[in-house]
Amino acid sequence: MFRSQGKTIGFVPTMGALHAGHLSLIQSSVKQNDISIVSIFVNKTQFNEVNDFENYPKPIEKDVEVLQKNKVDYLYIPEYEDIYPDNYQFRVVESHDSTFLCGKSRKGHFEGVLTVVMKLLHIIAPDKAYFGEKDYQQYRLIDKMCKAFFLDVDIVPCPTIREPDGLAMSSRNLLLSEKERIIAGQFPALLQSDQTPSEIAAKLEQLGFRIDYITDTDGRRFGAVYLGNVRLIDNVEL
Ligand code: AMP
């Protein structure tokens, strides 16, 4: 409808519990497009642990207020059945890049991510879609998927927004205890230090983190750790 009127559409897919990281994507969309659409959908198929899905924060009223204040034109809040009328019978499978880093320890995660993004891009049909570099592996996979399937959309990467102590903003940060939240700042600090990945992993373990991976690849350093049950991920350019 808007495209036929010559208007450009910017799209920001999210899982809600909106914070300043999401807002930077939204503000870029509002600046660069005539119409901005945000979706909130906690996508069950990308969660490899039922508890993680059930505990995921869902402050929908607060989110709506934030979107109204930030001049978003439309909010799309689908139900599972709207996105998966096939009950996830059909999926997007990637066979290489999704087998490393987060894909290695979170079986099926990127299948769920790529499938939902493919579906959302078809439903919304935006000119540009905005993704955070905080989830760098995800951004790269989505960009490559759109090119591989000749989708007519620009995938726009947006820099990671951080808390004052350097912790990358994330909806899951709300699930950290007060004590864990203080320790969490050591994760980005060590990731950005000039120590080797194994030295960083050892220091984080001493501080009480459980390590999934700390890995240098493609000119970036990637890390995924747990504090209690909360998984934190981050990456920095080397
Ligand atoms: P999520 O709601 O966690 O699925 O995130 C929705 C979008 O916001 C994804 O493209 C994320 O990469 C992006 N995002 C989440 N946190 C941040 C952050 N701290 N800085 C930049 N982008 C972010």
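The exercises below work through the sheets, the domain contact and selected side-chain contacts of a predicted model.

Residues are numbered from 1 along each chain as its sequence is written. In this predicted model, local features need pLDDT of at least 70 and side-chain atom pairs count only at pLDDT 80 or more, while totals for chains, interfaces and linings use all residues; side-chain values use heavy atoms, with hydrogens and water left out.

**Exercise 1. Describe the five-stranded sheet and the helix α6 that lies across it.**

Step 1. Helices (H or I, at least four residues) and strands (E, at least two) are DSSP runs, numbered from the N terminus. Two strands pair if DSSP finds at least two bridges between them.

Step 2. Write down the order. The open sheet runs β3-β2-β1-β4-β5, with parallel pairing.

Step 3. Find the edges. β3 (74-76) and β5 (154-158) each have a single partner strand, so one side of each is left without a neighbour in the sheet. From one strand to the next, the twist averages 25°; axes are lines fitted to C-alpha atoms, for helices over the stretch in contact, and angles run from 0 to 180 degrees between N-to-C directions.

Step 4. Look at one pair. β2 (residues 35-40) and β3 are joined in the parallel sense by three bridges, and I37 stands opposite Y74 in β3.

Step 5. α6 (residues 109-124) lies across β1 (9-14), β2, β3 and β4 (128-132), at about 150° to β1; contact means heavy atoms within 4.5 Å.

**Exercise 2. Describe the three-stranded sheet and its helix α10.**

Step 1. The order in this open sheet is β6-β7-β8, and the pairing is antiparallel.

Step 2. β6 (210-217) and β8 (230-237) are the edge strands, each pairing on one side only. Here the twist averages 10° from one strand to the next.

Step 3. Strand β7 (residues 220-227) is joined to β8 by eight bridges.

**Exercise 3. Characterise the contact between domain 1 and domain 2.**

Step 1. Count residues and area. 18 residues of domain 1 are in contact with twelve of domain 2. The buried area is about 1300 Å², with carbon and sulfur atoms giving 58%; buried area is the accessible area (1.4 Å probe) that two parts lose on being put together, summed over both.

Step 2. R172 and D52 form a salt bridge, their closest N and O atoms being 2.9 Å apart.

Step 3. Name the elements. On the side of domain 1 that touches domain 2, α2 (50-55), α5 (102-105) and α7 (136-148) give two or more residues.

**Exercise 4. Locate the salt bridge of D86 and K119 within the chain.**

Step 1. The structure holds 13 salt bridges. In the one between D86 and K119, the N to O distance is 3.5 Å.

Step 2. D86 is in the loop between α4 (80-83) and α5, and K119 is in helix α6. The pair links distant parts of the chain, 33 residues apart.

Note on methods:
A salt bridge is a side-chain nitrogen of Lys or Arg within 4 Å of a carboxyl oxygen of Asp or Glu.
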